[in-house]
Amino acid sequence: MTFNELARLGRIAFPLVALFSIVGAAPLFAPRFLTTGNILVILSEAICILPAVVGMQSVMVVGRFDLSIGANSALSGIVAGLLLQSGHSLALALALGGIAALLVSTLNGLLIGLWRLDVLISTLGTMWIVRSLALVLSDGKTTGSLAVPLMPLTHASMLNMPLPIIASLLFLGLLIVLFSQQLHCRHLYAIGSNEHAARLSGLNVPFGVMLAYWIAGVGASLTGFIQMLRSEAASPLVFQDLALESIAACVLGGATLAGGRGSMLGAALGLVTIVAIQNLVLAMGISTYWRYCMIGSLVMIAIMLDRLGLSGKCSRI
């Protein structure tokens, strides 16, 4: 087996090993962890934020990240929720909520891709601006019950699965196909691997960065809508930790802040691992604050494996 094959195997295997280790050890500390009901709870929690996580993965492929993704999800939910509360149609509410998220991602793309501003400062500033907009629009309050206007979606299903689950999985599947087959998405790996070389080879780097942030915006809006459907309300304060959780999930799945690689499937596995850890901490009856320590430890291990060369140089699944 060549080094590249070993590197690819190590990169793919780490989130699986971490997840199976948790699943294997969990019954020793929490006997009910592997019950059908609890597994469904874990998957349900992961499905909710999966679009935002794989959206973050697309940004990390080009060597960037988005600290505003949680605030963007909250804003899209608030915009849609307020429109529904005012009596507007469900289609219009979702469309304008999605447009709001895309406007935010476009701003990020302009600041970082076109004007080359620092990604940390830019997305941190955007995060506070967007969170403030969500609070101002809602007056800092959660919208009233949206059960009636959301009924067409909450009661809809496909293949005996609720529509939000189908939407989340379809988005994941779409990105897997695009990042393995579509030329512009494939170019994002080249930009992340070596931006200077990508420019010299004629790739439109600003457009590539903008495309990555647009994908993240779509993922953010989907997550905001799914959360609104689950709670039948919209809150401006949700998803406070979404950005850091998304980055952690992507790193566990084999991505790196340096860019150039990132597996959508790996990010999904990393997300399930994080949600499983959070659930396990609750099931064990210990302080929920220990979940940060456990997640952080796994992220540190993933980074050390990366430094040792076990994560290879590129992943394009």
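Ser-246 touches Ala-52, Val-53 and Met-56, leaving aside residues up to four places away in sequence; contact here means heavy atoms within 4.5 Å. The model is predicted: local features need pLDDT of at least 70, side-chain atom pairs count only at pLDDT 80 or more, and totals for chains, interfaces and linings use all residues. Residues are numbered from 1 along each chain as its sequence is written, and side-chain values use heavy atoms, with hydrogens and water left out.

Ser-246 sits in helix α11. Helices are DSSP runs (H or I, at least four residues), numbered from the N terminus. With a relative accessible area of 0%, Ser-246 is buried. The cut-offs are under 20% for buried, over 50% for exposed, and in between for partly exposed (1.4 Å probe, protein chains only).

The axes of α2 (residues 36-61) and α11 (residues 242-252) come within 9 Å and cross at roughly 65°. That makes the two helices, α2 and α11, roughly perpendicular, a label for angles of 65 to 115 degrees. Axes are lines fitted to C-alpha atoms, for helices over the stretch in contact, and angles run from 0 to 180 degrees between N-to-C directions. The crossing of α2 and α11 is right-handed: the near helix is turned clockwise from the far one by less than a right angle. On the α2 side, the residues that meet α11 include Ile-49, Gln-57 and Met-60; among their partners in α11 are Leu-242, Ile-247 and Cys-250.

**Side chain to backbone**

| Side chain | Backbone atom | Distance |
|---|---|---|
| Ser-246 | oxygen of Leu-242 | 2.8 Å |
| Thr-143 | nitrogen of Ala-234 | 2.9 Å |
| Gln-182 | nitrogen of His-184 | 2.8 Å |

**Two loop residues**

Thr-143 lies in the loop between α5 (119-138) and α6 (151-154). At 8% relative accessibility, Thr-143 is buried. Its contacts include Gly-81, Leu-82 and Ala-233.

Gln-182 lies in the loop between α7 (163-181) and α8 (183-193). Gln-182 counts as partly exposed, at 29% relative accessibility.

**Helix α3**

Helix α3 (residues 69-85) has 17 residues and reaches 24 Å from its first C-alpha to its last, close to the expected 24 Å. The expected span is 1.5 Å times one less than the number of residues. Of the 17 residues in α3, 15 are buried. Gly-87 follows α3, with a positive phi near 95°.

Conventions. A polar contact is a pair of N or O atoms within 3.5 Å; within protein, one must be able to donate a hydrogen and the other to accept it, and residues adjacent in sequence count only if both atoms are side-chain atoms. Angles under 35 degrees count as roughly parallel, over 145 as roughly antiparallel, 65 to 115 as roughly perpendicular and the rest as oblique.
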